[in-house]
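Visitor: Hi! I'm new to this one and would like a short tour. Could you show it to me?

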Amino acid sequence: MSVIEALQLKGVELLSHDSKGLVKRVKAEDALSGKTVGIYFSASWCPPCHAFTPHLAKVYAAVKKTHPDFEILFVSGDKTKAAADAYFDKMPWLAVSFEDVAMRGRLNSLFTVMGIPRLVICGPDGQVIASDARVAVQNDAEGEQFPWDGSSTAGQALLGTILSPRGIMMIALIAYWIAQYFGYIK
């Protein structure tokens, strides 16, 4: 499987900046095929995002020098197109169009995004390398530890699993079995 297939981006047009800084549309297949992709969930109204985004941009520039096959895809959590566009104008990478609500929702659901900022790293094969690389990136100003494999903490991964729809269903089933075992349900 490729990163395009794993992220369900086949046929999707992403936003990019041209050499003059103007926003243009590019095919996801052309921009991301064969690359390690960081999916960056962020929003302009989020103070931790404002602190992290400039740092991520510096690390991104450093990593691109030695790993031109790295790309970041911004997924906005903003409430308005104007806010999302203004925030994206400060970023040197790609973005899912604000109007593509379905794609933004799919990516948020795919990675069980519960809070922002969040940076998920996927390899060219579509496999998740790090489910949340934010702390690793904050501690790696030169990008020397790229691709920050395994940088998510076990607690973050467990919380995401528990709070997912499947996790909640499992908790309910376990509670039911325990109640049956102790005779609370007959």
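Guide: Let's begin with Phe-111. Beyond its neighbours within four places in sequence, Phe-111 is in contact (heavy atoms within 4.5 Å) with Leu-7, Ile-39, Phe-41, Arg-118, Val-120, Cys-122 and Val-128. Keep in mind that this is a predicted model: local features need pLDDT of at least 70, side-chain atom pairs count only at pLDDT 80 or more, and totals for chains, interfaces and linings use all residues. Residues are numbered from 1 along each chain as its sequence is written, and side-chain values use heavy atoms, with hydrogens and water left out.

Visitor: Where is Phe-111 found?

Guide: Phe-111 sits in the loop between H5 and strand E6 (118-122). Helices (H or I, at least four residues) and strands (E, at least two) are DSSP runs, numbered from the N terminus.

Visitor: And is Phe-111 buried or exposed?

Guide: Phe-111 counts as buried because its relative accessibility is 10%. The word buried means under 20% relative accessible area, exposed means over 50%, and partly exposed is in between (1.4 Å probe, protein chains only).

Visitor: Switching topic, what about Ser-76?

Guide: Ser-76 belongs to strand E4 (residues 70-76), and it is buried, at 4% relative accessibility. Its side chain reaches the backbone nitrogen of Asp-78 at 2.9 Å. That is a polar contact: a pair of N or O atoms within 3.5 Å where, within protein, one must be able to donate a hydrogen and the other to accept it, and residues adjacent in sequence count only if both atoms are side-chain atoms.

Visitor: Which residues is Ser-76 in contact with, leaving aside its neighbours in sequence?

Guide: With those within four places set aside, they are Ser-42, Ala-84, Phe-98 and Arg-104. From C-alpha to C-alpha, Ser-76 and Phe-98 are 6.8 Å apart in space, though 22 residues apart in sequence.
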